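This report looks at a pocket and at the packing of helices in one protein model. The sequence and structure come first.

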Amino acid sequence: IDEFDYFFLPCIRIHKYRSVMTWFKDLQKTAPRNERGRNYELKRKAWYSQELTMDVAGIPHKFGFGGLHGAIDHPVHLDGYILHVDVGSYYPSMLIAHGLVTRAASNDNYKKVYDTRMELKRAGKKREQAPYKKLLNALSGAMKDKTNPAYDPRNNNVMCINGQLMLLDLIEHLEVVKGFELIQSNTDGLIIRIPDTDEAFEQVDDICWEWESRCSTDQCKILLGLDTIREIYQKDVNNYLWVDIDGGVERKGAYV
């Protein structure tokens, strides 16, 4: 099985934080192979538990096989011009765009479910699109489940690693914006603060558009949403509360 034969997508342009790609490449060389039984499973579990911790844009981040996580290392309350830079339907979009849907699939039903969900979402049918969203998101876990017909751990690894690297790529490019501040990175998006000027926003918008253009393919678009946040209360990447520009409240984590 080619579980550990993951690779980097050609759309990625990382220079400043190239050491993260090097870490994943070096990790690949130590992957347990050609073994069976309990000893192999123990080695495999230990291998997957490894993490790289490093500062990105001034805040600590963790890279590994659980998605990107980074946040200011102490509780904060921030206001100002804050943006939630969210990748829409990130993993499903990436799977389709780069041909990473489980190789066990014998049809294009996943793409059909994706297209149906996007049509309902554009029509504002939040309730109707919810079951399709669950179906789409279920595949990433199914590809790591040995008992599931969709089992394809290599493609899951490619998805997880490149998902982190693509967001790291976005952070690196956004750092050129004068006054840029990263508040949080998570599996499918960023929370940032920038100066409240047209120039700063237009720079961010241009960088996001270039990233979208580079990471999308003819098969599927990978798109970013830019939602304005009025203020945020954050304990860590898993526990935070924000108030949007219209007064709506978003909460995450048992702490809040």
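## Basis of the model

This is a predicted model, in which local features need pLDDT of at least 70 and side-chain atom pairs count only at pLDDT 80 or more, whereas totals for chains, interfaces and linings use all residues. Residues are numbered from 1 along each chain as its sequence is written, and side-chain values use heavy atoms, with hydrogens and water left out.

## The largest pocket

The largest pocket has a volume of about 1000 Å³. A pocket here is an open set of points on a 1 Å grid over the protein atoms alone, where a 1.4 Å probe fits, with protein on both sides within 12 Å along at least five of seven lines, and lining residues have an atom within 4 Å of a point; the volume is the space filled by probe spheres set on the points.

The lining comprises 36 residues, and His84, Asp86, Val87, Lys133 and Asp188 lie nearest the centre of the pocket. Elements giving two or more residues to this lining include the helices α3 (90-97), α4 (109-122) and α5 (126-142) and the strands β4 (76-87) and β7 (224-236), where helices (H or I, at least four residues) and strands (E, at least two) are DSSP runs numbered from the N terminus. By class, the lining has 11 nonpolar, 13 polar and 12 charged residues; Ala, Val, Leu, Ile, Met, Phe, Trp, Tyr, Cys and Pro count as nonpolar, Asp, Glu, Lys and Arg as charged, and the others, Gly among them, as polar.

## Helices α6 and α7

The axes of α6 (residues 153-174) and α7 (residues 198-215) come within 10 Å and cross at roughly 150 degrees, with axes fitted to C-alpha atoms over the stretch in contact and angles running from 0 to 180 degrees between N-to-C directions. That makes α6 roughly antiparallel to α7 (over 145 degrees; under 35 is roughly parallel, 65 to 115 roughly perpendicular and the rest oblique).

In the contact (heavy atoms within 4.5 Å), Met166, Asp169, Leu170, His173 and Leu174 of α6 meet Val204, Ile207, Cys208, Trp211, Arg214 and Cys215 of α7. This contact has 8 nonpolar, 1 polar and 2 charged residues.

## Helix α3 and its partners

The axes of α3 and α6 come within 11 Å and cross at roughly 105 degrees, and the two helices are therefore roughly perpendicular to each other. Tyr90, Tyr91, Met94 and Leu95 of α3 make this contact with α6 residues including Met159, Cys160 and Met166.

With α4, α3 packs at about 135 degrees, the axes being 11 Å apart, which makes α3 oblique to α4. Here Pro92, Ser93, Leu95 and Ile96 of α3 meet Tyr110, Lys111 and Tyr114 of α4.
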